[in-house]
Structures are given as structure tokens and as C-alpha cells.
Amino acid sequence: MEVTGNITDNLADTSPAFKRRFMARLIFVLTGGMFLDGYILGIVGPVTGSIATDLELSTFWEGLIAAGPLFGILLGSPLGGWAGDKFGRKPLFMMDMGLFVIASGLQFFVDSPLILFVVRLLMGVAIGTEYAVGWPMMSEFAPARLRGRLMALTLVAWYAGFMIAFLVGYVLVHSTDLSWHIILGTSTLLALILFLSRFGLPESPRWLWNQGRIHDARRIAHRYMESSTEMTDVEHEDTQKGTFGMLFSRSYWRATLFVSMFWFCAVAPYFAIATFADSVLQQYGLSGGLAGGVGLSAVALAGVVVTFLLIDKAGRRVLTVPPQWLCTVLLAAIGLWAGAPPLMVLVLFLAFSFFNAMYTTLTGVYPGEVFPTEIRGIGTGFAAAVSRVGAGLGTFLLPWSMANLGPAVSMLIAAGIALVGAALSQWLAPETKGKSLTETASGFSH
């Protein structure tokens, strides 16, 4: 009777228009968080020279500061995923952005390499929590018919953030006298807007059902979810508590292996090349600069947009496997083609950025689909952590590799990583198009 009363009292708040407004708001705060992640990782590239001069950075510190947020994600994503599964999506959703506001603001006051590294490490912890909580939250509210597209939209935002950050940083460095502190700190305003926008969002009904809070789950599902089919699917949730060990159980070890290593192999080459796009292109006799750095990011953004448009029509697997084989060939060609014309090298790099971005988009879709609610947070967090080992190592080691092993060997190493990802996806990548979360998480098969 209490449920009926609450539903009756809230009829005005359960209209299709209200649900559309809620979904639009949820999309804004989630894509905003991903935009912010791309922004903080992209903004450091154009100001690296200024930071290196001002703080007298060695090559070691240059790579470490660039990789700082990635190592922070390594810590924040599994911890955030565990906490999100245990305490709920909503509180972690607020805490991570609050931490980001504080850490981003601290960039204005940095005066040593160590402090800059620690501050950006904290920002990475916050964004790692965002991965582990934001994507599960989106997957748990999104209707099955649009889930792929909405999850892919967050990656559109990430690449847009990375590209815009590079553009903003480059323009501010070359056209103004602003210090690098202010340029890095431009992320603070966006973080504050997103933090304030998150007040009042509901808890995930799937998480509530999993915790045995049946009444609350039904009430929130009725108020916010699009259709009765989606509401009914919530009632198929288990009420068992998730554990870290479940990731490696007979039911889910293949999902854990696939999502983690697919993500690792997707981002390691891209982060290394895109973060140091200017210096990488100069090694091949190209001018780099604004056109090269923004060009790589712009083409990557186009690849994500293509995946966004096709994912709920073509499916997941066709957008995952073939592009990885293409990227393997492209990177190998760059490494093996000694004396290639600079223009051809640029074309190969741009093609790599496009196809790499296509399948990297799926790294934001698969985790929310193949793990059940009780381990969706920790599963996403663990996979994000593994991926950031690759991204962090790639970003940290590329300057050393380019200087000591040369660009050809560096690109062949990147091709080898892409090859591992392609073979793994050929074996394990599932097709989840159009399925409910109950179906996608109940088994792992092609």
C-alpha cells in the first residue's frame, strides 16, 4: 500500500517529459565527467615545455608528471568500484567530483615537481572513481535500445575534452603570458559546475534491489526509468553481495580477462602517442605543433563519433575486432617503413588515431554490460586500473623509448601491444547489442 501511495503521490514526476529531463541531466553530468578526464590528460601536453623550464624537470619527472593522473586512476578505480558496490553509486558520484574540485584548484599553487605529481595523482584518483561509478550508473539507468549509444557518448566527450584541452593549452601558451599554473587550473571551473549539478540525483535502482531494498528500488525505477520493460528487468537482479574474488570465478574470469586486457591494449599506444604528439611527429620530420596535436585528437574524435552512430545498429563485436587488426598493421608500417615520406607517416598516424578511437569507445561500453550489478563497480574499476597500467607505462616510457630505442622500435612495440589486443578480442569479444543487463551479465559468449 505504501508503494502505491508513493507512486500516486509522484504521478506528476513520472511523466515521459520528466524522465527525458532526468536522462538528459544524467547524460550531462556523466559525459561532463569524461570530458573533464580527457581535459586534464590533454592539457599537460602543450605546457610540458613551460613546466620543464620553470621547475627544471628531468626526462624522468616530465614523464612522471604526465603519467600522474593515470597512476591515480590505477588507485582510484578499484577502490571507487569496491566502494560503489558496497555503499552505493550516489555517494561516490559526489565524493569523486568534490575531490576533483579540490585537487584541480591546488594546481594554482604548485611550486615543485613532487607537489605537481601528487596533485595530479589525486586528480587521477578522483577520475578513476568516476570510471568505476559513472559507467555502471549510466548502464543501470539507460534503456537497452540506447545503452550502447549513451555509453559511447561518454567516450565522445572524453576525446572532445582531450582535443579541446590541447587546443586551449596551445593557444594560451603561444598567445598569452598566462603561467602554466593557470592553464592547468582551467579545469577547476568545469569541475565545480559538475559537482553542483550532481546534487539531487537518485541512487541506482539496480543497486538498491541488489542490496535488498526492494521498495526503494521499485519507487526509483518507476519514477526515473523509461519503460515498464526496464523496470521489470530490475526485478531480475540478484540480492547476493559481490566480492573481488567473483571477478576470477568460473562465471566471470573470461569477462574480467577480456575487458581488462582489451582496455589495456587499446589505450597504451594511444596515450603515449597523443600525449607527446608534438615531439613524436617531430621525430618523423613533421612540424607537429597545433596542427599535429589537434589533428590526431580530431581524427580520434571522428572515430568515436562513427562508433557512437553505429553501435546500436551494427553491434559491438564488428566495431571491436577488425579495427584492432588495422591498427596493428598501421603501427607496424610506421615502424618498418624506414625513410617513409613525412606526409605518409602523418597519414598513417591519423589512420591509427581514427581506428584506435573506434574500438577504444567499446572500453566504456563492455564493462557496464558484462559484469552483474553486484560486481559491476569493482569489475569496471579493476579493468580501468589494468588499463591505466598500460596508459601510465606508455606515457611514462615513451620519452625514454624515443630517445634510447628510436622511433621505429617504439612504434613496433606499440604494434605488438595492438596485436595482443586484436587476438584477445577475436577470441573473447561478446555481442551484447539490444540485450537487457540481466541477459548481458548472465553469461559470456560470442
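## Surface patch

L114 is located in helix α5, in a model that is predicted. Helix α5 spans residues 113-141. L114 belongs to a nonpolar patch on the surface, together with I102, L106, F108, F109, V118, L122, L178 and I182. The accessible area of these residues together is about 790 Å².

Two helices, α4 (89-106) and α5, each provide at least two residues of the nonpolar patch. Helix α5 accounts for the largest share, with 3 residues.

## Helix pair α15 and α19

Two packed helices are described by the angle between their axes and the distance between the axes. For helix α15 (residues 321-336) and helix α19 (residues 407-428), the axes come within 8 Å and cross at roughly 165 degrees. Angles over 145 degrees count as roughly antiparallel, and α15 is therefore roughly antiparallel to α19. The crossing of these two helices, α15 and α19, is left-handed.

On the α15 side, the contact is made by V321, Q324, W325, T328, L331, A332, I334, G335 and L336. Helix α19 contributes A408, M411, L412, A414, A415, A418, L419, G421, A422, A423, S425 and Q426 to this contact.

How values were computed
Residues are numbered from 1 along each chain as its sequence is written. This is a predicted model: local features need pLDDT of at least 70, side-chain atom pairs count only at pLDDT 80 or more; totals for chains, interfaces and linings use all residues. Side-chain values use heavy atoms; hydrogens and water are left out. Patches are made of residues with over 30% relative accessible area and no salt bridge: like charges are joined within 9 Å, nonpolar side chains (Val, Leu, Ile, Met, Phe, Trp, Tyr) within 5 Å. Accessible areas come from the Shrake-Rupley method with a 1.4 Å probe; for residues, only the protein chains shown count as cover. A salt bridge is a side-chain nitrogen of Lys or Arg within 4 Å of a carboxyl oxygen of Asp or Glu. Helices (H or I, at least four residues) and strands (E, at least two) are DSSP runs, numbered from the N terminus. Axes are lines fitted to C-alpha atoms, for helices over the stretch in contact, and angles run from 0 to 180 degrees between N-to-C directions. Angles under 35 degrees count as roughly parallel, over 145 as roughly antiparallel, 65 to 115 as roughly perpendicular and the rest as oblique. A crossing is left-handed if the near helix is turned anticlockwise from the far one by less than a right angle, and right-handed if clockwise. Contact means heavy atoms within 4.5 Å.
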